[in-house]
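Biologist: Hi! Could you walk me through this one? I'm new to it.

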Amino acid sequence: MRRLMLAAAVSLGLISSAHAVEGMWQPAQLPGIAATLQQHGLKLAPNTLADLTAYPLGAIVSLGGCTASFVSPDGLVVSNHHCVYGALQLNSTPENNLIAKGFLARTHADELSAGPSARVFVTEEIRDVTREITAKLNDGMSGAERYKAIELAIKEQVKACESEGYRCDVYTFHGGYSYQLIKQMEIKDVRLVYAPPQSIGKFGGDVDNWMWPRHTGDFGYLRAYVSKDGKSASFSKDNVPYKPRHVLKVNAKGVEAGDYVMVTGYPGRTNRYRLADEVQSAIDWTYPTQIGIYQDTLDIINTAGKADPKVAVKYASMVAGLNNYLKNFGGQLEGLRRADAVEVKHAQEAKLEAWLKQQGGAENQALAGDIGKLREAIAAERANRDRDLALGLVERSSLFSTAVRLVHLAKERPKADLERDAGYQQRDWVRIEGGLKQLDRRYDPGVDQQLMAYGLKRYAALPQAQRLPALDAWLGDAKTPEQIKAKVAALYAGSQLGNADTRLKWFAADSRAIDASDDSMLKLARAVQPELQKMEDERDARAGEMSKLRPRYMQAMIAWKESQGLPVYPDANSSLRVTFGNVQGVAPRDGVSYAPFTTVAGIVEKDTGIEPFDAPKAEIAAIKAKAFDGYASPKLGTLPVNFLADLDITGGNSGSPALDANGQLVGLAFDGNWESVSGDWLFNPQLNRSIQVDVRYMLWVMHHLDHADNLLKEMGVPAK
């Protein structure tokens with residue numbers, strides 16, 4: 001009964017207005033905090049924000065890693081420049097580098113495919129399925145049994161939900177305390193429409209990343225296409241633009257300091273409810289280790305890219321992502337240490353356990369005991385982290401990971417769909433095939449070999465007990481970097497998986513054909529697959545145990561927070577959320593205070609003519625001439641570029657529309673300030689700020705610099 005009562009409290013959103021700006025709220029929670037929303041300035045009826053099929057949420061979509069929104073009746077989608085970066089890279093060559101010079105399709109016929117794996121997901125339904133997922137669980141189950149029972153229940157829910165053109169997924173909330181089924185239309189024909197040049201879309205580059213003040217025009221446009229009967233379909237010249245139910249209205253006047261603003265989108269992952277031991281592990285091992293690996297990877301790619309411009313283009317998207325994470329992880333480390341996060345978490349856990357003891361009763365005593373078991377399970381997970389990391393780096397090789405995937409897929413195909421491993425069901429085959437088709441655009445044999453050799457060098461340093469006999473047998477006497485390099489070179493020389501037709505042939509093959517193959521990469525993948533499967537089974541068993549313990553911890557945490565009137569919102573998990581607050585600056589340090597807006601004056605001040613501060617000459621001239629075409633802010637007396645707000649966002653929110661009090665588009669979220677990076681673990685309302693590109697700057701760039709008036713007209717923006 002207590003569990004049901006707590007779940008009801010979460011769904012109703014019983015929170016204190018004192019913590020309003022913290023929280024990535026599920027739409028269904030918003031009616032429960034109507035008064036708080038209105039106190040901050042919302043003019044829409046709060047209930048409309050809970051309706052996925054109403055305005056404005058009906059216009060918000062996921063790109064599968066970024067957020068976007070419909071801004072025209074003809075399926076035009078706006079998101080961040082860095083979210084359309086992959087489409088730019090996919091269509092670029094050294095001779096025609098769309099990343100550098102930008103792209104504008106003046107007609108539908110000029111639009112370019114964003115690639116076979118590009119998607120636009122339109123959320124249509126969110127339904128609680130906790131009872132269905134947990135119905136057959138019992139305390140006598142082992143971790144492996146529990147994992148398999150949950151996985152099967154999820155597959156059954158997905159199968160019953162999915163139909164042609166729709167994708168359904170079950171999302172886990174509060175570590176398994178609740179489960180929700182989310183149904184989305186999966187639009188498979190996505191095309192590149194417009195992006196400004198990199199000198200605008202990525203102005204400031206990695207130097208300014210996660211920093212304020214910013215002056216970045218981080219925006220770009222795609223278009224969603226469907227078959228003539230309105231159904232999801234793969235790319236075809238006969239497809240037509242998708243007709244969305246709702247389209248965001250553009251407020252060309254933007255917002256000013258103090259105004260209400262909210263961001264709706266698909267935040268990826270936060271760790272607000274993790275234990276102190278997990279924070280300590282992130283500080284001591286995870287972030288420092290990843291920083292070293294990402295830097296080494298960038299060195300490999302950048303060295304190759306300098307020698308061959310084609311390599312630089314092929315890996316441009318990966319390099320951008322690595323640089324982003326590299327700086328992010330540094331910020332996470334600095335922020336967690338500055339906030340004394342481990343001690344904060346220890347103190348919080350001590351208070352929680354003291355509260356449980358004070359409440360008394362057998363159930364609360366059992367909860368306290370399960371928190372102790374959770375700590376033990378977390379410690380056990382760390383035992384093989386170096387092995388898992390090393391093997392993950394080996395599989396980062398595009399060719400080897402392709403071989404492993406093909407071997408695994410062939411093994412799963414003969415099974416009934418519900419018995420297939422997650423990720424290898426029939427619903428996943430089109431994605432796998434799409435990845436095989438477009439691999440050539442993001443793969444270079446020389447770089448790929450270096451990445452695999454890098455992983456193998458790390459693997460070779462593992463203690464014998466953590467190694468795989470099959471992989472050791474293949475490595476043989478290769479121990480030194482040069483020996484490993486030679487071994488990898490021979491492996492690649494004996495494989496034809498670098499050829500797209502060959503990859504697609506094996507995609508359709510059965511296990512017998514793959515077993516008979518003499519392709520060196522397939523032979524290695526075949527040899528190690530049973531051992532990789534054993535590791536996967538062990539991870540599943542640990543996950544099954546966690547699915548019992550983590551919800552118990554969250555049950556106690558939710559009850560304790562609720563007793564204090566504190567917010568109870570789930571950690572981000574890539575599901576649709578709403579966060580709200582107001583446009584405001586920040587004072588990050590003693591004697592330092594930042595205004596909420598940057599203006600075009602800062603572009604001129606930063607411009608050096610050298611990347612990443614190489615603004616287009618036409619832009620500099622227009623700014624100096626104050627040719628703002630009516631888009632300037634009357635209060636600022638000039639054209640704003642970016643603005644700050646006290647919104648709670650994270651990765652995945654990139655491209656999320658920033659909406660005003662009436663739900664109209666006033667910008668796009670694309671980053672956070674340096675002090676907000678560690679907000680994935682601890683949110684600080686005084687310091688955490690989201691950074692948005694101002695709609696007025698977007699419209700001005702489109703009109704004055706790139707002459708994309710065809711798109712402005714389509715979006716209903718008045719002509720200038």
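Modeller: Happy to. One term before we start: a residue counts as buried when its relative accessible area is under 20%. Also, keep in mind that this is a predicted model.

Biologist: Good. Which residues of strand 2 point one way, and which the other?

Modeller: In strand 2 (residues 67-70), T67 and S69 point one way, while A68 and F70 point the other way.

Biologist: And are those four buried or exposed?

Modeller: All are buried.

Biologist: What is strand 2 joined to on the strand 1 side, and by how many bridges?

Modeller: Strand 1 (residues 60-62) runs antiparallel to strand 2, and three bridges join them.

Biologist: How many bridges link strand 2 to strand 3?

Modeller: Two bridges, and strand 3 (residues 76-79) is antiparallel to strand 2. There, S69 has V78 as its bridge partner. This hairpin has five residues between the strands, with G75 at a positive phi near 70°.

Biologist: Switching to helices: how do helix 9 and helix 11 cross?

Modeller: The axes of helix 9 (residues 276-307) and helix 11 (residues 316-338) come within 9 Å and cross at roughly 155°. That angle means helix 9 is roughly antiparallel to helix 11, and the crossing is left-handed.

Biologist: What residue classes make up their contact?

Modeller: The contact has 17 nonpolar, seven polar and one charged residues.

Key. Residues numbered from 1 in each chain as written. Predicted model: local features only at pLDDT ≥ 70, side-chain atom pairs only at ≥ 80, totals over all residues. Heavy atoms only, no water. Axes fitted to C-alpha atoms, helices over the stretch in contact; angles between N-to-C directions. Parallel < 35°, antiparallel > 145°, perpendicular 65-115°, else oblique. Left-handed = near helix turned anticlockwise from the far one by under 90°. Nonpolar A, V, L, I, M, F, W, Y, C, P; charged D, E, K, R; others polar. Buried < 20%, exposed > 50% of the residue type's maximum accessible area, 1.4 Å probe, protein only. Pairing = 2+ DSSP bridges.
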